[in-house]
Amino acid sequence: MSTLWFILVGSMLTVYVLLDGFDLGAGIIHLVAARTETERRFILRAIGPVWDGNEVWLIAAGGTLFFTFPLLYSSSFSGFYLPLIIVLWLLMARGIAIELRSRLPSPVWRSFWDGMFFLGSSLLAIFYGAALGNVIRGVPLNAQGYFFEALWTDFNPFSATPGILDWYTILTGLLAFTVLLMHGANYIAVKTEDMLNERARRIARAGWLITIPLAILASIATFFVQPQVHMSFNQRPWGIIFPLIALVGLLGAGYFNFRKRDLPALLSSGAFIVGMLTSAAFSLYPLVLPAVNPAKSLTVNNASASQYGLTVGLIWWCIGIVLAAIYFIFTYRRFWGKITAASSHEY
């Protein structure tokens with residue numbers, strides 16, 4: 001049952017990155033892709049009906065983590081207190097920017113909130129990537145399963161007291177930034193036409209070109225930073241399917257971009273994200289939070305709730321996930337299609 005919940009929580013986080021990922025990407029490219037007020041409204045309208053709903057997956061994953069892996073929840077939320085507060089402020093700034101930019105007709109007012117939208121989206125992408133890098137690298141857990149990390153120490157991922165930022169987590173943060181930039185640009189290309197569509201496609205292509213070397217470097221570095229990765233693929237060689245999904249997705253994103261096929265390019269960048277995240281989850285299992293001292297790591301067994309709690313929770317989770325799926329299918333079907341001038345007036 002604990003392994004099942006490991007898969008379910010990981011799946012929810014993956015869905016969040018897929019959906020809110022293109023929202024973040026739209027914010028990253030907002031100031032560059034859009035040259036006029038109308039084009040900025042187009043980008044905001046493209047994500048306007050769905051961005052807040054997409055973030056529900058993050059909240060749902062956090063709530064699920066609370067009752068399935070309570071020790072992991074308490075350990076992570078205490079040890080990562082500073083970056084989590086920063087993420088909270090960035091989420092607030094990004095949401096406020098989307099909602100407030102159209103409240104006053106002043107160009108200065110709109111430019112300020114456009115800048116906040118860009119800054120919040122960009123920093124969120126980097127912080128999410130750095131957070132994943134911390135989980136893969138490992139944290140200085142004590143015997144009780146708790147830890148504290150400074151924002152940075154010596155920038156050495158092999159240190160006994162690593163910081164939140166080191167060269168490896170910065171590398172994963174930059175990779176997350178370029179991946180979500182590419183993903184978001186593909187989404188905006190799907191939703192728009194004319195010059196905005198062309199600029200979004202060019203930005204996606206640039207993001208794809210930068211992502212390739214970063215993905216190679218991060219993948220190689222991961223094998224040195226976290227020995228569990230090598231062990232997992234040696235013990236369960238069938239897991240190679242997950243990196244292959246990422247590889248096919250990355251190649252497809254570039255191929256379809258050059259062919260000007262925006263929807264397949266978006267699906268391909270999504271496949272790359274799925275492949276990368278599932279590869280990370282597979283390579284860490286059965287660990288849920290590696291420790292600098294491997295003997296103190298949290299696993300699916302020592303961090304999970306009771307069998308009874310996991311079983312009862314699964315019943316309610318199934319009900320909730322069906323309702324969520326109905327809502328998301330309705331929302332995306334209702335607002336699918338190209339953005340027009342008539343549909344962008346709200347933002």
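Phe328 and Tyr332 both belong to helix H12 (residues 307–334), where they are 4 residues apart, about one turn of the helix. The model is a predicted one, and the values reported here are computed from it. The ring centres of Phe328 and Tyr332 are 6.3 Å apart with the planes at 20°, and the pair therefore counts as stacked. Phe328 has a relative accessibility of 11% and is classed as buried, and Tyr332, with a relative accessible area of 18%, is buried because the cut-off for that class is under 20%.

## Other aromatic pairs and a cluster

In total, the structure holds 22 aromatic pairs. Among them is the pair of Trp167 and Tyr168, which is edge-to-face, with 6.3 Å from centre to centre and 90° between the planes. Trp167 is partly exposed, at a relative accessible area of 41%, whereas Tyr168 is buried, with a value of 0%.

One aromatic cluster is formed by Phe223, Phe233, Trp238, Phe242 and Phe282. Phe282 is also a contact of Ser232, which, once its neighbours within four places in sequence are left aside, touches Ser283, Leu284 and Tyr285 as well. Ser232 itself is found in helix H9 (residues 227–235) and is buried, with a relative accessible area of 0%.

## The nonpolar surface patch

Trp167 and Phe223 also take part in a nonpolar patch on the surface, together with Phe158, Ile216, Ile220 and Phe224, and these residues have about 670 Å² of accessible area together. Which helix gives the most to the nonpolar patch? Helix H8 (residues 194–225) does, with 4 residues. Phe158, another member of the patch, is placed in the loop between helix H6 (107–137) and helix H7 (167–191).

## The largest nonpolar core

The largest nonpolar core has 82 residues, and those with the most contacts inside it are Phe69, Leu72, Tyr187 and Ile188. Helix H1 (residues 2–33) gives the most to this core, contributing 13 residues.

For Tyr187, one of the residues with the most contacts inside the core, the contacts can be listed by name: leaving aside neighbours within four places in sequence, Tyr187 is in contact with Phe22, Ala46, Ile47, Val50 and Leu266.

Terms used:
Residues numbered from 1 in each chain as written. Predicted model: local features only at pLDDT ≥ 70, side-chain atom pairs only at ≥ 80, totals over all residues. Heavy atoms only, no water. Patch = residues over 30% accessible without salt bridge, like charges linked within 9 Å, V, L, I, M, F, W, Y side chains within 5 Å. Areas by Shrake-Rupley, 256 points an atom, 1.4 Å probe, with all protein chains shown as cover. Salt bridge = Lys/Arg side-chain N within 4 Å of Asp/Glu carboxyl O. Helix = DSSP H or I, 4+ residues; strand = E, 2+ residues; numbered from the N terminus. Core = buried A, V, L, I, M, F, W, Y, C linked by side-chain atoms within 4.5 Å. Buried < 20%, exposed > 50% of the residue type's maximum accessible area, 1.4 Å probe, protein only. Contact = heavy atoms within 4.5 Å. Phe/Tyr/Trp six-rings, centres within 6.5 Å; stacked < 30°, edge-to-face > 60°.
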